[in-house]
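Subject: Structure handover

Hello,

Here is the structure I promised to pass on. Please open it first, then read my notes beside it.

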Amino acid sequence: MITDVLIVVGLLAALVALLALRVLVLTRSRGSVLCCLRSLSKERGWRVGVARYADGHLNWIPLIGLLPRPRHVIVRRGLVVSGRRKVGPGEFYGFIEGVTAIECRSGDSAYELAMGYRALTGFVAWLESAPPSAYLDVA
């Protein structure tokens with residue numbers, strides 16, 4: 001009986017350690033910023049994750065999850081940024097003051113990305129650094 005409890009506690013501790021390691025690896029990786037995402041097409045709330053910049057797309061990886069692959073891929077070519085707003089304090093409890101939400105549309109997908117001002121500056125720079133042949137629409 002006691003050994004069964006110790007095994008369960010040990011497994012839970014290993015799971016927590018693996019999740020903590022995942023968070024550290026994702027947040028400390030080069031080119032990654034903390035970014036929350038909310039799909040406008042589905043009735044879901046904000047999800048905390050990491051945005052990782054690649055050549056012509058932005059990979060969004062959930063902070064807590066089992067798979068290490070991106071859940072959403074936002075392609076820079078044809079990306080439409082249609083608005084921005086400050087996130088209210090009661091909207092999501094994990095936000096600190098000064099977080100901005102950006103409404104983005106790419107093809108049939110519509111998202112809101114929420115990030116701090118430093119990450120927002122990097123996102124805008126990533127958008128503006130697109131090659132001249134890329135179609136971008138920034139409102």
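Below is what I found, taken topic by topic.

One caution first: this is a predicted model.

**Salt bridges**

How many salt bridges does the whole structure hold? The search finds three.

Start with Glu 112. Its side chain meets that of Arg 38 in a salt bridge, at 2.4 Å from N to O. Glu 112 sits in strand β7 and Arg 38 in strand β1, so this pair ties together parts that are 74 residues apart in sequence. Both Glu 112 and Arg 38 are buried.

Glu 112 has another partner. Arg 85 forms a salt bridge with Glu 112, and the closest N and O atoms are 3.0 Å apart. This pair also links distant parts of the chain. Arg 85 is in strand β5 (residues 80-86), Glu 112 in strand β7, and they are 27 residues apart. Arg 85 has 29% relative accessibility, so it counts as partly exposed.

The remaining bridge to look at joins the side chains of Arg 105 and Glu 103, at 2.8 Å from N to O. Arg 105 is partly exposed, with a relative accessible area of 38%. Glu 103 is partly exposed too, at 22%. Shared partners join Arg 38, Arg 85 and Glu 112 into one network.

**Nonpolar cores**

Now the interior. In soluble globular proteins, nonpolar side chains tend to be buried together.

The largest nonpolar core here has 18 residues. Which of its members touch the most others? They are Leu 79, Cys 104, Leu 113, Met 115 and Phe 123. Several elements give two or more residues to this core: β1, β3 (57-62), β6 (100-106), β7 (109-115) and α2 (117-128). Helix α2 gives the largest share, five residues.

Take Met 115 as an example. Neighbours within four places in sequence aside, Met 115 is in contact with Leu 34, Cys 35, Val 99, Thr 100, Leu 120 and Phe 123. Another core lies apart from the largest one. That other core has six residues, among them Cys 36, Trp 46, Val 87 and Ala 101.

**Cysteines**

A disulfide is a covalent bond between the sulfur atoms of two cysteines. How many does this structure hold? The count is zero disulfides. Cys 35 is in none, and its nearest cysteine sulfur, that of Cys 36, is 6.7 Å away. Cys 36 is likewise in no disulfide, with the sulfur of Cys 35 as its nearest, at 6.7 Å. The cut-off for a disulfide is 2.5 Å between sulfur atoms, so the 6.7 Å separation rules this pair out.

Are these cysteines buried or exposed? Cys 35 counts as buried, at 1% relative accessibility. Cys 36 counts as buried as well, at 7%.

**Ser 39**

Ser 39 is found in strand β1 (residues 32-39). Its relative accessibility is 8%, so Ser 39 counts as buried. Leaving out residues up to four places away in sequence, Ser 39 touches Arg 44, Ala 110 and Tyr 111.

**A surface patch**

Last, the outside. Val 8, Leu 12 and Leu 15 form a nonpolar patch on the surface. Together these residues have about 270 Å² of accessible area. Leu 12 lies in helix α1 (residues 2-28).

Over to you.

Best wishes

Key:
Residues numbered from 1 in each chain as written. Predicted model: local features only at pLDDT ≥ 70, side-chain atom pairs only at ≥ 80, totals over all residues. Heavy atoms only, no water. Patch = residues over 30% accessible without salt bridge, like charges linked within 9 Å, V, L, I, M, F, W, Y side chains within 5 Å. Areas by Shrake-Rupley, 256 points an atom, 1.4 Å probe, with all protein chains shown as cover. Salt bridge = Lys/Arg side-chain N within 4 Å of Asp/Glu carboxyl O. Helix = DSSP H or I, 4+ residues; strand = E, 2+ residues; numbered from the N terminus. Buried < 20%, exposed > 50% of the residue type's maximum accessible area, 1.4 Å probe, protein only. Contact = heavy atoms within 4.5 Å. Core = buried A, V, L, I, M, F, W, Y, C linked by side-chain atoms within 4.5 Å.
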